[in-house]
Amino acid sequence: MRKNKRSEKKISKVKFQRSFFRIIRQMKKEFLLLFTDKFNMLLAIVVPPLVIFLFGFMMNSIPEGIQPVDCVVISYDSNVYVDEGTFNESLRDDFTLPYVNAANKSEYLNLIHFYNATEEIYAMESARMMLIASDIKVIISLPVGFSEFITLGLPGLIDCIPDASDIKTIQDTLNAVFDSVKTFVNDNNLNPQFQLTGYEEFTIPEGYSFRFNYNITLTLSFIVFGVSMVLTILVVVQEKPVARLLLTPVKRSEILISKYLTYTLILIIQVILLIISTLVCRLYLAGSILDLFIALFTIGFTGLSMGIFISTQSKTKTEANQLFFAVFIVILLLSGIFIPIDAMPIYLQVIAYILPLSHGDPMIRGIVTKGKSVFGFDFFALLILSIILVLISFIIFKRRKYEV
Amino acid sequence: MVELSTEIMVDVNNLNVIFDKNHIVHDVSFEVKKGEIIGLFGISGAGKTTIIRVLTCQIEKKNWSGDVTVTNFSPDKKQNHPLILYNIGYVPQLELLNLYYDLSPLANVEVFSSTYGLDTKEAKKIAQELFKILDIPSDTWNKRVKHMSGGEKKRLSMAIGLIHKPSVLFLDEPTTGVDASKRYSILSYLKKLNQKLDTTMFIITHDLEAALICDKTAILREGRMLEFDSPQNLINSLPSNGLIARFEINDLNEAKITRISEFSPVKKVLRVGNEVVEILMESFEENLPKLIQYMIERGVTVNSMSRDSASFRRFFQIRIQEEEEREKLRTNIGEA
């Protein structure tokens, strides 16, 4: 009995050793095939750090200073104001010039023109033409009774008409206008209804590029996920001799394991190069490098599993390419870049949270800017997704019919 | 004379293959001894590839029945598959399915040999021996396969199939896509390998010339095995041991062929050219002068005449024709 157990143990040990040997040799084949394809090698090793360097160079070369927002101020303040209670007329405009001075003083605004609407009745039309021509980004209008209200201690009213055709600049424009209001209030000793105080938490310290650090988190997720996926979408479908290999003692699982291991090693090299290149480009990293490495590796592994999954279930290269394109578009659209995930309808939110890129950016942003640990909801979501994709790939590959 | 071993490498008894109610192979039985070259011949849809797929563990047991053993292991048990696959080699019809075109021949050898547990050094040694037998130029060994000629790829594919010195090698259409002059050299390479390595070979082919190197040939038609014997025995089974009279006849037509067929010792008249017929008959030597006399009397003008032995090609043609005639008859009786 004991002898039997011992021999069984010995047999399974020999089986394992043989299997291990075959996997290693299949990996060698994968590497050889990868090295013979120069484009794939470039894509795997050279392109990701190169993109980061280009991105870093681009972001760091833009001057860090403030880019003032071009504006026009129109004042209706000196138009006749009639108080509805007392029917008294007012022609006060003593706060118009101080506001124009404040707008001029603000380093966030670049005052292109000032219109006094009492004298120039087509002021608004002219300003709108400038807005259409993109000569200015915002029209600031001081309404009738602007000075009267402030004198009476009431909240001052300012109409702000920003160019909303570019959603990315609206917030900057509003911030610039708000800065001019702040200067106006301070310079004229007015009493604002609220005074915001405090400091910015998790901001990028001086000496680091704000633009680079702000945008790199999303870029890193995209590069590591996209490159891993592109590298692997054809690894199974384009290997014609697989059917012939299956007429040797090699097992299907060994073939697939060797592919996973090969591309995982490539992924590790890729992630190391990405981290080095981001640090060279002066990434401000609040968290640890190990956390960043694990995060990028997890995102990349999800891309890799998705690529191999597409490859195992496609019958032709064309089918794999088409499927990749369709899947990538959906992942991109629902990743939260264009519309915040929380603003999507519930059913789309569910899909978005299943998709990998919705987790990539928050996970890396948390590590880079807040110093969070990698082991949070996003990490486990990606891990579960990867495991599911790996399992499905193995099942599909095991059941797939190959005939020589 | 080379003495063949009595060790049975492949034993097939009453093999039936059914896919979704389609009966593909009907009661096929044969056995193959060590060192033999077997040719499976038949037109498309004869079931050649299906039989090989059963023997190479590519068809699930639910689709076939019968007693089959390959190198003493039955493919009906899944646990036997690795053992069978260790003992057999396979050379597919298309080299594209057998070779990594972006790797060198030696790298290809490494990929396939490793699946059998061979270490690189040993595999390269075997490969070099095979490459020499197959005349694969040494300057191509380290270049990419895609730069090799068609014939070199074909021979490399054979070498890959033999890299682990299998007991049985299956070759699917080894001469397809090769021009006529190279076909014979491929066949002679196979014979050379068979003699040097004592490997049992299974050749599936449409190319009837392959019978030249076969110890036994199987003729299949619509999933049924019509014949299984050595090519010479099959030829000898024809009337007068396959002796053929070839006539060139003026204005040859169906009426003249029918007239010749009516001469009682004639067993078969085959039209093999525009004005040429080949005739098989009983007691060839005795009846040949009588046949010539008969033809002259009936106004069949003979331009020239020669005698020959039937080839395997001719036997195949006769056998398939007979089977078609029989089937026609069966259909006619059925309809009546």
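Guide: Domain bounds here come from an automatic or database domain assignment. The model itself is predicted. Chain B is divided into domain 1 (8–229) and domain 2 (238–335). Their centres, taken over C-alpha atoms, are separated by 37 Å.

Visitor: How many residues of the two domains of chain B are in contact with each other?

Guide: Eight residues of domain 1 of chain B are in contact with six residues of domain 2 of chain B. On the domain 1 side, the elements that give two or more residues are β8 and β9 of chain B. β8(B) gives the most to that side, with three residues. By type, the domain 1 side divides into five nonpolar, one polar and two charged residues.

Visitor: How is chain A divided into domains?

Guide: Domain 1 of chain A is written in two pieces, 20–60 + 209–399, and domain 2 covers 69–187. The centres of these domains of chain A are 51 Å apart, taken over C-alpha atoms.

Visitor: What should I look for in chain B as a whole?

Guide: Chain B has 10 helices and 13 strands. Its C-alpha atoms fill a box of roughly 75 × 45 × 35 Å along the principal axes. Of the 336 residues of chain B, 41% count as buried. Among contacts in chain B with a separation of 6 or more, 70% are between residues 24 or more positions apart.

Visitor: Which way do β3 and β7 of chain B run relative to each other, parallel or antiparallel?

Guide: Strands β3 (residues 37–41) and β7 (residues 200–205) of chain B run parallel and are joined by five bridges.

Visitor: Where do the side chains of a strand point?

Guide: In a regular strand the side chains alternate between the two faces of the sheet. Take β5(A): A:V138, A:I140 and A:L142 point one way, A:I139 and A:S141 the other way, and all are buried. Because five of the five residues of strand β5 (residues 138–142) of chain A are buried, this strand is largely enclosed by the rest of the structure.

Visitor: What strands are joined to β5(A) by bridges?

Guide: Strand β1 (residues 69–75) of chain A is joined to β5(A) by five bridges, and the two run parallel. Strand β6 (residues 159–162) of chain A is joined to β5(A) by four bridges, and these two run antiparallel. A:S141 of β5(A) can be followed in both directions: A:I74 stands opposite A:S141, and A:S141 stands opposite A:D159 in β6(A).

Visitor: Why does B:A107 count as partly exposed?

Guide: A residue needs 20 or more other C-beta atoms within 10 Å to count as buried. B:A107 has 19 C-beta neighbours inside 10 Å, so B:A107 counts as partly exposed. This residue lies in helix α3 (residues 105–114) of chain B. B:A107 and B:W141 are 34 residues apart in sequence, yet 8.9 Å apart in space, C-alpha to C-alpha.

Visitor: Which residues have the most contacts inside the largest nonpolar core?

Guide: They are B:A159, B:F202 and B:I203, in a core of 152 residues. Helix α10 (residues 289–313) of chain A supplies the largest share of this core, 11 residues. Leaving out residues up to four places away in sequence, B:F202 touches B:I38, B:L40, B:I52, B:V168, B:F170 and B:L171. A second, separate core has 29 residues, including A:V73, A:L131, A:I140 and A:A176.

Notes:
Residues are numbered from 1 along each chain as its sequence is written. Chains are lettered from A and ligands numbered from 1 in the order in which they are written. This is a predicted model: local features need pLDDT of at least 70, side-chain atom pairs count only at pLDDT 80 or more; totals for chains, interfaces and linings use all residues. Two strands pair if DSSP finds at least two bridges between them. Two residues are in contact if their C-beta atoms, placed from the backbone, lie within 7 Å. Ala, Val, Leu, Ile, Met, Phe, Trp, Tyr, Cys and Pro count as nonpolar, Asp, Glu, Lys and Arg as charged, and the others, Gly among them, as polar. A residue is buried if 20 or more other C-beta atoms lie within 10 Å of its own, exposed if 12 or fewer, and partly exposed in between; C-beta atoms are placed from the backbone. A nonpolar core is a set of buried Ala, Val, Leu, Ile, Met, Phe, Trp, Tyr and Cys residues joined through C-beta atoms within 7 Å.
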